[in-house]
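This briefing goes through a single protein model, topic by topic. Please keep the sequence and the three-dimensional view at hand while reading.

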Amino acid sequence: MLEILLTAIWILLPAYTPNNFAVITGGGKPIDLGKNFVDGRRILGNGKTFRGFLGGLAGGLLTGVIQYRIELLFGFSVFSAIPFLSALQLFFLLSFGSLLGDIAGSFIKRRIGIERGDKAPLLDQLDFLVVAYLMATLHESFWEIFTPETIVAGIIITPLLHRLINYMAYLLRLKNVPW
């Protein structure tokens, strides 16, 4: 059971890290260009920016490349069981899917009247993960790396990890709210 959880976390790092990198690199022009949707509310809001999206994508790719090198260095293989360029494509799909899922979550939150930074239980914790999984299924090696057990483990552990990391960021005064 522990091995499945640790493997799930390992293979999801390229999906877990992009939104953190987006926060660090973000700012600037919002993706929705400040426009409102037909309901009169912002499409996404100021928190989703082009710079953050690109920074998040680069961060997710970097995370995957580092993981690949760690596997080679320490002699175990998950991602390194496939050729590097193929793994890079998978890292891209996981990172891009994560960011796209977060954007979709923001779009849904705006439609139902939840403002930026307000709680949206499970939506906040799983939007990025579901879309990252969906995007990654486009990769030819998805089922070689992801098993049904690690997929379910990811769905179970992600809300807990999300809550823990956000609370730690709150304690460190990196976030204004603990969720």
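Against which helices do the buried residues of helix 3 pack? In this predicted model, the buried residues of helix 3 pack against helix 1, helix 2 and helix 4.

**Helix 3**

- Helix 3 runs over residues 50–74, and its 25 residues should span 36 Å at 1.5 Å a residue, which agrees with the 36 Å that separates its end C-alpha atoms.
- The buried residues of this helix include several glycines, namely Gly52, Gly55, Gly56, Gly59, Gly60 and Gly64, and the list also holds Phe53, Leu57, Thr63, Gln67, Tyr68 and Glu71.
- An α-helix has 3.6 residues a turn, so residues three or four places apart point the same way.
- Glycine 75 follows helix 3 and has a positive phi, near 75°.

**Glutamine 67 and its surroundings**

- Glutamine 67 is placed in helix 3, and because its relative accessible area is 3%, under the 20% limit, it is classed as buried.
- Leaving aside residues up to four places away in sequence, glutamine 67 touches Trp10, Leu13, Pro14 and Phe79; of these, Trp10 and Pro14 are also listed among the buried residues of helix 1.
- Between glutamine 67 and serine 80 the C-alpha to C-alpha distance is 8.7 Å, with 13 residues separating them in sequence.

**Helix 1**

- Helix 1, which covers residues 2–16, has a kink of about 30° at tryptophan 10, shortly before proline 14.

**The largest pocket**

- The largest pocket has a volume of about 1400 Å³, and 43 residues line it, with Asn19, Val23, Lys48, Asn166 and Lys175 lying nearest its centre.
- By residue class, the lining of the largest pocket is made up of 18 nonpolar, 16 polar and 9 charged residues.
- At least two lining residues come from each of helix 1, helix 2 (18–25), helix 3, helix 4 (84–111), helix 5 (123–136) and helix 7 (148–171), and helix 4 gives the most, with 7 residues.

**Residues in loops**

- Serine 141 is found in the loop between helix 5 and helix 6, and it counts as buried because its relative accessibility is 5%, where the limit for this class is under 20%.
- When residues up to four places away in sequence are not counted, serine 141 touches Ile82 and Ser86.
- Leucine 122 lies in the loop between helix 4 and helix 5, and it counts as exposed because its relative accessibility is 52%, where the class begins over 50%.
- The phi of leucine 122 is near 70°, a positive value in a residue other than glycine.
- Leucine 33, in the loop between helix 2 and helix 3, likewise has a positive phi, of about 55°, although it is not a glycine.

How values were computed: Residues are numbered from 1 along each chain as its sequence is written. This is a predicted model: local features need pLDDT of at least 70, side-chain atom pairs count only at pLDDT 80 or more; totals for chains, interfaces and linings use all residues. Side-chain values use heavy atoms; hydrogens and water are left out. On a 1 Å grid over the protein atoms alone, a cavity is a set of points where a 1.4 Å probe fits but cannot get out, and a pocket is an open set with protein on both sides within 12 Å along at least five of seven lines; lining residues have an atom within 4 Å of a point. Grid points are joined across faces, edges and corners, and a volume is the space filled by probe spheres set on the points. Helices (H or I, at least four residues) and strands (E, at least two) are DSSP runs, numbered from the N terminus. Ala, Val, Leu, Ile, Met, Phe, Trp, Tyr, Cys and Pro count as nonpolar, Asp, Glu, Lys and Arg as charged, and the others, Gly among them, as polar. The expected span of a helix is 1.5 Å times one less than its number of residues. Buried means under 20% relative accessible area, exposed over 50%, partly exposed in between (1.4 Å probe, protein chains only). Contact means heavy atoms within 4.5 Å. The bend at a residue is the angle between axes fitted to the seven residues ending there and the seven starting there.
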